[in-house]
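Please examine the structure shown below together with its sequence.

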Amino acid sequence: MVSAPTRDRVNQKPSLLDLVLTNDNNLITKLDHLSPLGSSDHCVLRFSIKCYKDINVYNALKRDYYKGNYEAMKEQLDVLEKEKFFMRHLNCAIEKHVPIKRVRKKGATPLGPEAVNSIRRKHRAWTTYYESRDATHYREYCKARNKVKSMIKKDRKVRERRIAETSKSNSKNFWSYVNSKRKTKSGIGELHTQKDGKTCIASTDLDKAEVLGEFFTSVFTMEDNHDYPPVKECEVNKPFSDTHFSVEDVNKLLKNLNITKSPGPDLVHPKILYELADVIDTPLCMIYNESYEIGLVPENWRIGQISALFKKGDRKLASNYRPVSLTSIIGKTMEKLIRNKITEHMNTNNLFSDRQYGFIGGRSTALQLLTVLDIWTDALDHQEQIDAIYMDFMKAFDKVPHGRLVQKLKSYGISDRMCIWIKSFLTNRKQRVHINGNYSKWHNVASGIPQGSVLGPLLFVCFINDLPDSVLSSVYLFADDTKLFRAVSNKNDQDTLQNDVDNLFDWSTTWLLKFHPDKCKVLKVENKRSRPSSTSYQMNTYDGGRITLESVDCEKDVGVSIDSNLSFMKHISTQVNKANQMVGIIRRSFTHLDYRTFCILFKSLVRPHLEYANCTWSPYKKKDIDTIENVQRRATKMLPNMQDLSYPERLKSLRCLH
């Protein structure tokens, strides 16, 4: 944290000798260099350490949804016939039948009744010995103390095993346990904003929520609702089906809910909907069909509680946080029904672009990488160079204009009734930011698609679906991740690629989904037989200027680092580091790491880092293979009684060999 010299002697060059080391930049603030004390030639360093308080309130009250009397709730909810009484009856049933539990202090290990009784007996034994000072009573106390230690150790081992077994299906429990072991917390730090030319610092949670809320609102797009660009009508062989939703479909979705997810702003927990699926499916189906019929979305489904997730860069800038919207589970269930209808129509009429691989069934990042790399390697075999331009949208999901989106949906043959419902779903929305129990004021949502919604990704894919039609070169998409490339062998190829960059810029201007020119990169892929060129590419800016796009030697492409010679060395190094970090987290967090627990955690949390899209970058060099294998070789050494065994013997002990 110290960047200036701290020791200065006469006739000597100043040097930096005194250091302040930290594993979290947000912990150290206001570091100042002061004059030395006495005859010392070292500066005095004065700094502040920001301590993180535990935001969880001890003995807080919280409903225990896993001990609710759901049979009694079913009897009470049988009388529901009309949608206007549904939420009122449901909330009454929750108040009556779902108990309230006390939330333990974060980090406290939950103990069973037997362990709690043993602790009480230990306390009584100590009190008896303290009053009598008798050796017999002391032996009784030691016996009770040892029993408590043994039971706590046993309970902790059982808990860690249970967390490990559910780590793949429910990672929330794992990270909650890991975070309780950490000494520092990486929440949202101080945020710096500019007001009237001055830097303002938001340090309290309420101020941070207000700063983030204002920023998330400032990025919205304002469009002219009376001047839409023309849209090409698509050929539709099978018309859109406007059939009503069935009770069976609603029941199936309710029974497939993930009960570990958090409730929305209406506080209806998914566990409630899951348990009462057979009772509430009929009234919910009535609500959904009526909402679809009249094209009106209830207000509770159009409010979002925003959680800010840090992306990368400086934590002090609000622009480096992504808003994720937490909305009503009941509303999300209807979004799934709408999504299924639109997806079925688009697939039936083959309307999805074959260049889009995001949020479409049967397509994935690995499949896109395989397709692109097949084209690139074929060009390299013909001694051609690949010029790839990675395009970056500015706040893509937040800037989608609603009017233009509805126009495109109509061009795909989506019925007017469905378009009216989607317009109601997108307009008149409100959101607020939540940080540690503090909320910003409500902000109106003028554009964009809620990140965290079910329907949002599909709507974005439909909006950007025609982008590949505006260029001659190859362009591949994964949601908003766009890469434009062409095999370059002469000046004409370079000019064509430059024209395609300009065409994409024109498309973004027309549809109000702007690129970020400063973040668009150029990657030139070549080998020894290629004829490399040093041509640069340019892009217009939205203020009327023109800039040269930055050339890079390596770029991250849908999770895989692509370098200029396709060696994937940077990617292997990055993934191995991530895997080793995860091994370290497991080692530090799990006290009783037996063979079974280790195998579950390693396969669920470590290997996915090493196996992601490995069909595209699988190494063939021995040094790269050994680098990846060393992750497992080192990890198996941290198990008890394994340090002195050879690697094949450790694998045999873990039953990982054959």
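Lys-408 is buried, with a relative accessible area of 1%; buried means under 20% relative accessible area, exposed over 50%, and partly exposed in between, for a 1.4 Å probe and protein chains only. Residues are numbered from 1 along each chain as its sequence is written, and side-chain values use heavy atoms, with hydrogens and water left out. The model is predicted, and for that reason local features need pLDDT of at least 70 and side-chain atom pairs count only at pLDDT 80 or more, while totals for chains, interfaces and linings use all residues.

Lys-408 forms a salt bridge with Asp-466, with 2.7 Å between the closest N and O atoms. This pair links distant parts of the chain, 58 residues apart: Lys-408 belongs to helix H12, and Asp-466 to the loop between helix H14 (456-463) and strand S13 (474-478). Asp-466 is partly exposed, at a relative accessible area of 21%. A salt bridge here is a side-chain nitrogen of Lys or Arg within 4 Å of a carboxyl oxygen of Asp or Glu. Helices (H or I, at least four residues) and strands (E, at least two) are DSSP runs, numbered from the N terminus.

The count of salt bridges comes to 21. One of them joins the side chains of Arg-404 and Glu-223 at 2.9 Å, N to O. Here too distant parts of the chain are linked, with Arg-404 in helix H12 (residues 402-411) and Glu-223 in the loop between helix H6 (205-218) and helix H7 (247-255), 181 residues apart. Both Arg-404 and Glu-223 are buried. Another salt bridge pairs Asp-354 with Arg-355, the closest N and O atoms being 3.8 Å apart. Asp-354 is exposed, at 54% relative accessible area, whereas Arg-355 is partly exposed at 24%.

Attention now turns to strand S9. Seven of the seven residues of S9 (residues 385-391) are buried, so this strand is largely enclosed by the rest of the structure. In a regular strand, side chains alternate between the two faces of the sheet. In S9, Gln-385, Asp-387, Ile-389 and Met-391 point one way, and Ile-386, Ala-388 and Tyr-390 point the other way. S9 pairs with strand S14 (residues 481-488) in the antiparallel sense over seven bridges; two strands pair if DSSP finds at least two bridges between them. Within this pairing, Asp-387 stands opposite Arg-486. S9 also runs antiparallel to strand S15 (residues 521-525), to which five bridges join it, and Val-522 in S15 is the bridge partner of Ile-389.

S9 also contributes two or more residues to the lining of the second largest pocket, as do strand S8 (321-326), S13, S14 and strand S19 (554-557). A pocket is an open set of points, on a 1 Å grid over the protein atoms alone, where a 1.4 Å probe fits, with protein on both sides within 12 Å along at least five of seven lines; lining residues have an atom within 4 Å of a point. About 1400 Å³ of space lies in this second largest pocket. It is lined by 34 residues, of which Lys-312, Arg-322, Asp-392, Asp-480 and Asp-481 are the closest to its centre.

Definitions and conventions
Grid points are joined across faces, edges and corners, and a volume is the space filled by probe spheres set on the points.
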